[in-house]
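Let's take a friendly walk through some salt bridges. Here is the model to look at as you read.

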Amino acid sequence: MQDDKQLKSELRKKASENPEKYYAVNVLREEGFARGKCSKCGKHFWSTKETATCGDPACSGGFRFIGKSPAKNKIGYIDLWKGFSGHFKKLGYEPIKRYPVAARWRDDTDFVQASIYDFQPYVVSGEVEPPANPLVVPQFCLRFNDIDNVGITGAHYTGFVMIGQHAFMPPGKWKQEDYFKDIHSWLKKGIGLPNDEIVFHEDAWAGGGNFGPCMEFFSRGLELGNQVYMQYEVTPAGYKDLNIKVLDMGMGQERNAWFTTGESTSYEAVMPSVCEYLYRKTGVEKDSEIIEKFLPYSSYLNIDEAEDIEEAWKSVAKRTGINVEELKGKILPLAALYSVAEHSRSLLVALSDGVLPSNVAGGYNLRVILRRALSLIDKYKWEVSMGELAEKHAEFLKEQFPELSENLEDVKDILEVEKKKYHETRKRASHTVQGLLTKGSVTDEKLVELYDSQGISPEMFAEEAEKLGKKIKIPDDFYKTVAERHEKKEQRAATEKKEKLELKGVPETKALFFDDYKKTEFIGKVLKIIANNVLLENTYFYPTSGGQENDLGTINGEKVVNVFKQGSIIMHAMETAPKFKEGDEVKCIIDRERRLQLSQHHTSTHIVNGVCRRMLGNHAMQAGAAKYPEKARIDITHYESLTDPQLKEIEDESNKIIKQNLNVKKYFMPRTLAEQKFGFSIYQGGAVPGKSLRIVEIEGLDVECCGGTHLDRTSEAGQIKIIKTSKIQDGIIRIEFTAGKAAKKEETGKQAIVQELAAVLSCEPEQVPGRAEELFEKWKQKVKKGKEIEAKLISTAKFDGDVLAKTAEIFRTQPEHLVKTAKRFIEELAE
């Protein structure tokens with residue numbers, strides 16, 4: 001299958017041979033534009049002037065708008081979206097709110113990287129209705145392929161707002177010329193650009209499984225936006241026409257604010273209050289004369305395009321007439337300041353939207369930019385707080401993104417915890433660097449490996465090496481390299497059992513367990529039998545999925561030992577080849593006690609999840625879950641281990657929810673409507689496919705997409721008892737618990753063990769070793785017999801008689817503490 005680059009190249013060539021078919025050529029000609037071919041890059045472009053080069057800065061001579069923008073309307077950052085959305089509302093487009101940067105509705109990416117990501121795959125494929133049509137959206141996006149360029153080029157960001165102009169139309173209603181006229185009218189009227197200041201580029205775009213021709217628009221060396229006409233879907237067999245045609249115009253709010261104001265750097269136009277704050281706090285002064293000479297050529301320092309960055313610096317220095325070292329001395333501290341400002345804004349949005357820095361998946365890249373910012377702060381010895389910067393950004397952005405002010409305290413807490421982890425890493429770095437340098441030189445690959453495995457940044461390494469009299473050259477594209485290592489998202493807590501049977505032509509099974517979890521007896525019709533596997537027309541048997549174990553029971557008195565899904569078909573695995581035949585009507589009985597216990601554990605998982613988010617913050621999301629008859633577990637995203645008081649509060653609050661006897665609503669909703677009503681936190685634990693979503697709502701606490709069996713009211717869970725908690729990986733905390741009868745059994749088992757241990761502790765000190773040995777032997781026998789609760793508590797027991805004897809002696813005079821002491825021992829054993 002071709003990659004995005006190949007698809008774009010092939011389509012670009014095809015479109016250039018027949019531009020009338022792919023672009024709004026008639027409109028361009030009516031407006032006085034003529035087609036040309038760039039003498040430098042070979043791209044086709046449209047301009048009202050006779051020129052040999054296109055509008056790209058590398059071809060046309062860099063940025064030429066700084067201090068002299070051709071835009072008649074000088075528009076500030078926040079006002080730009082207000083003006084754009086107002087302009088397009090008059091043209092019939094509906095402005096909508098941004099989606100969160102965490103792309104929870106998709107299973108192929110961690111973050112939204114373009115405004116069209118909001119609508120892939122279901123809206124773009126035509127399967128789901130868009131929230132409005134046509135629409136415009138100010139979508140905050142995260143991309144980590146340009147980390148090393150941030151601050152230097154004046155135009156690069158890890159986090160930016162892509163203003164999207166979108167339409168999703170069947171071929172008969174597709175109006176490409178009108179869409180082009182609409183964006184052109186914004187350039188002319190909204191920004192106030194005359195046609196002779198605009199250059200349009202013919203191009204192609206691919207991403208997210210779709211592609212099509214596009215028209216980029218430039219002015220004085222700066223790309224202002226790109227209007228894509230998405231027409232094709234990428235498949236393993238090649239590409240095919242989309243069922244609907246999609247307009248995908250993306251315009252950077254940052255670039256356009258910078259362009260219209262003509263500020264010396266985009267960062268000053270985009271985050272003026274934060275830049276002013278940092279100038280005061282750091283004492284860094286901006287040499288306007290040098291900046292004015294440097295910025296037109298700053299794009300030449302793009303890490304992705306410069307073959308030799310040192311040579312690029314020399315070239316820029318020559319063009320500006322400034323010595324290389326003097327130029328670096330003035331520019332690099334400013335670039336560091338702008339990087340800190342930019343990274344803190346990206347972190348504010350990501351953390352506020354519920355994503356945590358970590359050493360895995362998308363969270364890894366957040367930690368990369370956070371630690372890069374902290375290392376720059378350390379390098380220049382600035383007294384700057386990332387939490388304060390987040391607050392400054394939230395205040396400035398409040399009119400456009402008021403939600404960023406709602407979770408500020410959580411954001412500050414997370415940033416503070418990450419800062420402590422960073423400084424702990426710094427302390428370890430000295431010893432590590434010394435050990436490595438004694439063995440010889442350190443390769444670029446080793447630097448990347450050190451960052452990946454131990455969090456030691458190249459700046460830390462270079463600093464420690466300098467103390468030892470050695471100089472380390474940091475790779476120019478270091479942060480891009482480490483970010484690329486972590487682009488693929490890892491999968492967690494998958495419980496779906498994969499079976500592959502020949503089921504061609506078999507209709508999908510109608511699943512009835514959504515309607516009533518108490519329904520455990522029914523009559524079914526046998527459609528197909530494959531060896532021991534039975535397919536029913538309709539079934540109440542729940543298959544293993546969504547972290548919940550399958551039902552067990554009987555069909556016509558014969559044992560069902562497994563239930564699993566293959567696509568939309570549910571198969572019932574029998575203990576032996578069934579005696580009944582295809583076409584028979586059969587009596588089906590589900591194990592009622594097992595179904596009840598699994599339903600109690602599943603609904604209790606939602607209760608614990610809702611309580612954790614209420615207590616710990618918006619970032620506490622389900623990262624995985626499992627529900628068994630004996631117990632359940634939920635993995636939540638949280639930045640530090642839970643304390644005993646926190647765990648007790650979670651348990652107490654969960655049981656309060658049970659006592660409140662809240663209604664547990666279960667119903668199906670159209671996907672778009674569910675997202676609009678409840679937001680994207682409905683996607684707990686992963687993306688959910690389909691145009692219709694099953695919603696499980698515990699009133700006032702939790703709303704999630706879920707296909708499991710659930711109680712009707714919270715009181716039916718009986719009781720929730722938390723067994724233990726553990727940190728299973730960076731940023732993921734596991735809570736194990738029981739509910740219903742399993743909770744009572746667990747409590748009874750734990751109380752028995754506590755009493756037995758307390759009895760040993762109450763003996764005379766000299767008797768304790770012998771009694772302890774007898775007790776441990778008794779416990780070992782219970783483990784052998786497979787008693788689940790006791791086994792989990794005592795299988796790791798390593799206390800010897802002398803320790804118990806000493807403890808018994810200490811607490812001999814304080815019998816009221818005996819049980820408490822015994823309980824503490826039990827908790828240690830459980831750990």
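In this predicted model, Arg12 and Asp203 form a salt bridge, with their closest N and O atoms 2.7 Å apart; the term means a side-chain nitrogen of Lys or Arg within 4 Å of a carboxyl oxygen of Asp or Glu. Because Arg12 sits in helix α1 (residues 4-17) and Asp203 in strand β6 (residues 199-207), the pair ties together parts that are 191 residues apart in sequence. Helices (H or I, at least four residues) and strands (E, at least two) are DSSP runs, numbered from the N terminus.

How exposed are the two partners? Arg12 is partly exposed at 29% relative accessibility, while Asp203 is buried at 5%. Buried means under 20% relative accessible area, exposed over 50%, and partly exposed in between (1.4 Å probe, protein chains only). Salt bridges with shared partners also join Arg12, Lys43, Asp203 and Glu216 into one network.

Two further pairs can be set beside this one.

| Arg12 and Asp203 | 2.7 Å | 191 residues |

Glu651 is buried at 14% relative accessibility, and Lys721 is buried at 17%.

The structure holds 39 salt bridges.

Residues are numbered from 1 along each chain as its sequence is written. Local features need pLDDT of at least 70, side-chain atom pairs count only at pLDDT 80 or more, totals for chains, interfaces and linings use all residues, and side-chain values use heavy atoms, leaving out hydrogens and water.
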